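Below are some notes for a colleague who is opening this model for the first time. Please read them with the structure on screen.

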Amino acid sequence: MLTIRNATLADGSKRDVRIDTDAGRISAIGSSLTESGKSIDATGKLLLPGAIDAHVHFRQPGFSHKETWETGSKSAVAGGVTTVVDQPNTNPPTIDGESFDEKAELAAKSYIDYGINGGVTPDWEPESLFDRPVLALGEVFLADSTGKMGIEEELFREAVERAADDYLVVTVHAEDADLFDEDARSRDGNDTDAWSAYRTAEAEAAAVERACEIGDELGARLHIAHTSTPEGIDAAREIGATCEVTPHHLFLSRDDLDELGTFGRMNPPLRSEKRREKVFARVADGTVDMIATDHAPHTRKEKDANIWDAPSGVPGVETMLPLLLEQARKGNLSYDRVADLTSRNPSKVFGMPRKGRIEEGRMADLVLVDPDETREIRGDNLHSKCGWTPFEGWTGVFPELTMVRGNVVFENGEFGEPVGENVRA
């Protein structure tokens with residue numbers, strides 16, 4: 001047994017939390033629990049449910065020079081993330097049973113728990129894919145991104161209908177390539193704003209609306225990935241789909257591109273500062289369901305190109321929770337809202353009933369932080385293989401201790417042993 005004593009929970013209450021380390025579960029919560037086994041004094045500390053990042057690209061198989069399950073999960077756990085959901089645009093893409101098995105074997109090296117999503121291309125094999133412990137379908141791409149997995153509407157309808165039959169959530173990358181601004185392609189490759197001009201805000205809103213119409217028609221549960229505009233968020237909410245916002249769309253805008261250069265290229269791209277402020281407001285007021293990083297690392301060498309040639313994507317799994325906790329420390333978000341965004345809501349949307357909350361019987365996925373101790377974010381100090389961050393020089397509140405199913409996997413800068421398991425298996 002292990003008891004964390006006098007911890008402050010996200011709602012402000014002070015509690016003792018007892019953990020059955022053999023079962024990996026929270027066995028009791030209360031005030032002044034009786035002594036039993038080891039204990040940790042958490043006076044003045046904040047105890048949170050481990051974060052669930054519902055959107056990462058850990059790059060294996062196929063791109064291990066960018067990230068691996070080992071490096072990506074170490075980066076995650078150092079940032080308070082105890083479960084991730086990996087997307088299918090690897091090489092090979094996760095579109096059938098064989099490719100799922102290959103990824104699952106690599107994922108066994110993970111320090112944290114994980115879900116593996118299945119993907120859709122014209123060559124996908126849903127029979128063998130859905131015979132595996134798939135968490136959800138998607139990221140289903142309605143426009144090409146890294147991996148060239150964009151599909152046409154007819155195949156999208158087929159995939160959504162099949163997912164609905166199997167009661168799987170469909171995660172959608174919603175951009176309508178027909179609404180991209182082709183005139184922007186004539187802009188110079190040194191114009192770092194050209195990517196945002198090209199992949200328009202209108203393209204996102206239109207794709208969200210159309211995807212949601214199809215999902216509603218077919219009785220499917222749709223989740224819209226990385227919504228970057230208030231219009232996209234509102235379209236998802238209007239028809240009952242869930243949605244996520246990334247830290248980079250929450251905190252960065254086109255105003256930051258002069259400093260970020262091509263390291264600020266991602267899909268969907270950064271939006272105007274005015275739109276960013278409206279997105280933040282929807283995150284704060286409960287309109288947005290969750291924050292998910294779209295952690296998509298590339299090497300510095302790959303990103304150091306002109307805006308038309310650089311790959312899209314930025315890392316983020318290690319800095320998500322620290323950045324949000326800094327906003328809570330400043331009073332811009334409540335700690336309870338941070339727990340909703342990073343733990344409670346992802347567990348509910350993606351069907352992880354034993355995770356996401358500090359309650360008796362739940363898995364002991366826990367993060368302990370000193371809410372008053374901040375640290376400057378430096379790419380050289382992070383654990384992702386890519387070694388850089390779009391939040392260089394920002395301030396975050398980082399974990400002192402991260403626990404996965406009762407196992408201390410990170411404590412004061414030191415890592416324990418990999419304990420990751422597939423949440424569906």
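**Notes on rings, sheet and cysteines**

1. One aromatic cluster is made up of F180, W195, Y198 and W308. Rings of Phe, Tyr and Trp (for Trp, its six-membered ring) pair if their centres lie within 6.5 Å; planes under 30 degrees apart count as stacked, over 60 as edge-to-face and the rest as tilted.

2. The model is a predicted one: local features need pLDDT of at least 70, side-chain atom pairs count only at pLDDT 80 or more, and totals for chains, interfaces and linings use all residues. Residues are numbered from 1 along each chain as its sequence is written, and side-chain values use heavy atoms, with hydrogens and water left out.

3. Over the whole structure, the search gives 14 aromatic pairs. One of them joins F391 and W394 edge-to-face, at 5.3 Å centre to centre and with 80° between the planes. F391 is buried, at 1% relative accessible area, while W394 is partly exposed, at 29%. Here buried means under 20% relative accessible area, exposed over 50%, and partly exposed in between (1.4 Å probe, protein chains only).

4. Two rings carry a charge over them, in the sense that NZ of Lys or CZ of Arg is within 6 Å of the ring centre and within 35 degrees of the ring normal. K74 has its charged end over the ring of F415, 4.7 Å from the centre. R375 has its charged end over the ring of F398, 3.9 Å from the centre.

5. Five strands form an open sheet with parallel pairing, in the order β9-β10-β11-β12-β13. The edges are β9 (137-141) and β13 (290-291); each has a single partner strand, so one side of each has no neighbour in the sheet. Strands (E, at least two residues) and helices (H or I, at least four) are DSSP runs, numbered from the N terminus, and two strands pair if DSSP finds at least two bridges between them.

6. β9 runs parallel to β10 (residues 170-173), and three bridges join them. Within this pair, L137 is opposite V170 of β10.

7. Helix α6 (residues 201-218) lies across β10 and β11 (222-224), at about 170° to β11. Angles run from 0 to 180 degrees between N-to-C directions, and the axes are lines fitted to C-alpha atoms, for helices over the stretch in contact (heavy atoms within 4.5 Å).

8. How many disulfides are there? The count is zero, a disulfide being a pair of cysteine sulfur atoms within 2.5 Å. The sulfur of C212 is 9.1 Å from the closest cysteine sulfur, that of C243, which is too far for a bond. C212 is buried at 3% relative accessibility, and C243 is buried at 0%.
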